[in-house]
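Please look over the sequence and the structure shown here before reading on.

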Amino acid sequence: MGDPAQTPFKTTGSEWLLPVSEYLGFPLDQVNFLACQLFALTAAFCFRLYLSPAHVSPLVRHFVAALLGIGFLVFCFGWYSSHILAVVVANYLIIIKADLNSVHRYSMVISMGYLTACQVSRVFIFNYGILSTDFSGPLMIVTQKLTTLAFQLHDGMCKKTEQLTQEQKLMAINVRPSLIEYLSYNLNFLSVLVGPCSNYKEYIDFIEGRHISTRLKQQQHASSNRQNGYNKTQNPSPLNAVCHKLVVCAGCMLFFLTVTRSLPITYNVDPDFVSQASFLTRLTYAFFSIQAARPKFYFAWTLADAVNNAAGYGFLGMDEHGKPSWDLISNLNIIGIETATSFKTFIDNWNIQTGIWLKTVCYDRAPKHRLALTFILSALWHGVYPGYYFTFLTAIPITIAARAIRRSIRHYFLGSRVMKLGYDISTWAATQLAICYTVMPFLLLAVNHTIVYYRSMYFHVHIISILAAVALHRKHKPREPTTTTKTSSFSSSAPCSAQCQHVHSNNNDKD
């Protein structure tokens with residue numbers, strides 16, 4: 001959801017809900033999006049109860065999931081949905097006709113190239129308008145799915161087992177998907193509008209009725225003979241998880257309607273505010289306006305997660321109390337975000353599935369400069385607004401500096417609880433302020449607004465992070481385990497036990 005549009009804009013999608021849009025005062029494109037997601041929630045329950053693998057064949061489930069997804073695209077975006085359908089068909093031809101040794105490269109170039117071309121046209125067509133539900137959103141999700149599948153197909157059909165990491169072995173695809181499987185995976189109604197991206201093998205397990213049993217077997221294997229009290233004669237119900245996530249959605253919507261719209265981001269670069277307010281006042285307003293901007297993302301991603309759970313997809317495993325966890329494809333960990341005491345921890349808990357995608361297709365495979373290349377790919381994927389590049393380029397020195405500072409001074413504060421608490425409070429405040437400074441251009445979009453904001457902040461985070469990174473560079477000695485042996489970055493804050501964590505870890509770098 002976003003702020004009600006102040007500029008006239010007509011959606012290219014259906015206008016059936018125009019009276020509702022006018023009554024509520026929200027743009028029609030956002031009303032269409034919300035209507036589709038609420039319909040998807042209802043359809044998901046029906047999909048689980050009446051089109052379960054016990055009642056219908058996988059072919060029927062694939063067909064219904066894809067058909068509803070395409071219907072949502074046409075309803076929301078009209079003829080613009082042809083962009084999404086075109087890139088999906090083009091990539092299917094690639095995996096069927098192209099040399100498997102290069103299929104991942106072709107898919108990445110075609111998918112990212114087409115996405116970038118659409119993003120460029122979006123900038124000129126919409127003239128920097130912040131349209132949260134235009135067609136580029138679903139195109140971004142489809143790009144993740146297309147490239148993920150291509151890389152995993154290459155892993156399964158071209159690489160030797162010893163060349164793969166444990167994660168890649170589990171998700172490697174050994175057979176080319178059929179057309180209906182491909183369309184269902186990329187265009188299913190559960191994730192076509194706002195995601196999240198998930199792995200092809202996990203989606204196929206869900207469609208064919210092996211999703212829960214496979215997750216339990218993986219958990220049982222990871223935990224050896226550990227008993228969790230789960231009765232394997234029945235499948236766990238997602239109802240409690242769905243209700244919990246819908247309550248979170250309701251709270252986020254209420255916060256958005258009452259707080260977010262009273263703290264506009266653009267006020268940070270208002271000429272009168274910048275010239276008259278003190279630095280501390282400007283810093284405080286920036287902090288609270290960024291905090292207030294998050295619930296709209298919390299709402300969209302949590303609702304999408306609830307939709308998948310309602311269909312029976314997203315089962316992670318049994319937690320340490322023997323209760324089912326449905327956070328396999330969750331896109332964020334709100335508690336982890338709001339209590340993050342490091343820049344990396346924040347990143348690892350925000351847009352989790354995109355982080356896993358970046359790790360899968362870039363970070364784990366880049367021969368060198370992995371951190372820089374990952375941030376650049378992330379910026380390209382998000383779009384061509386200059387503010388995106390300011391954000392991701394700024395994040396590089398901040399990440400390096402934060403890592404160096406942590407490894408240089410953290411051990412001095414572990415001697416007592418009081419010192420550790422003081423350290424945690426200080427690093428929480430520093431992290432939140434650094435995130436505020438870094439993310440602001442992402443929301444302002446334009447170069448001139450970004451420069452005005454940076455000047456009003458005296459470029460202080462840039463200066464501090466660069467000086468810290470340079471000063472501590474020689475002292476930097478990695479002490480942490482390798483990436484392949486680390487557990488998921490949010491395992492300490494997620495409700496599920498370590499044995500219940502997803503096979504992927506959204507670790508784009510080491511602490």
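Predicted model: local features only at pLDDT ≥ 70, side-chain atom pairs only at ≥ 80, totals over all residues.

**Leu-380 and the surface around it**

Leu-380 has a relative accessible area of 33%, and because buried means under 20% and exposed over 50%, Leu-380 counts as partly exposed.

*The nonpolar patch*

- Leu-380 lies in helix α18, and together with Leu-373, Ile-376 and Leu-393 it forms a nonpolar patch on the surface, the four having about 320 Å² of accessible area together.
- Helix α18, which covers residues 370-382, gives the most to this nonpolar patch, contributing three residues.

*Helix α22*

- Helix α22 runs over residues 460-472, and at 1.5 Å a residue its 13 residues should span 18 Å, a figure that agrees with the 18 Å separating its end C-alpha atoms.
- The buried residues of α22 are Val-461, His-462, Ser-465, Ala-468, Ala-469 and Leu-472.
- Seen down the axis of α22, these buried residues fall within an arc of 145°, and they therefore line one face of the helix.

*His-244*

- His-244 is found in helix α11, which is made up of residues 239-258, and with a relative accessibility of 53% this histidine counts as exposed, because the cut-off for that class is over 50%.
- Although His-244 and Ala-306 are 62 residues apart in sequence, their C-alpha atoms are 8.7 Å apart in space.

*The chain as a whole*

- The chain, which has 511 residues, contains 22 helices and two strands.
- Buried residues make up 54% of the residues in the chain.
- When contacts between residues at least 6 apart in sequence are considered, 74% of them join residues that are at least 24 apart.

How values were computed: Residues numbered from 1 in each chain as written. Heavy atoms only, no water. Helix = DSSP H or I, 4+ residues; strand = E, 2+ residues; numbered from the N terminus. Expected span 1.5 Å × (residues − 1). Buried < 20%, exposed > 50% of the residue type's maximum accessible area, 1.4 Å probe, protein only. Arc of directions from axis to C-beta. Patch = residues over 30% accessible without salt bridge, like charges linked within 9 Å, V, L, I, M, F, W, Y side chains within 5 Å. Areas by Shrake-Rupley, 256 points an atom, 1.4 Å probe, with all protein chains shown as cover. Salt bridge = Lys/Arg side-chain N within 4 Å of Asp/Glu carboxyl O. Contact = heavy atoms within 4.5 Å.
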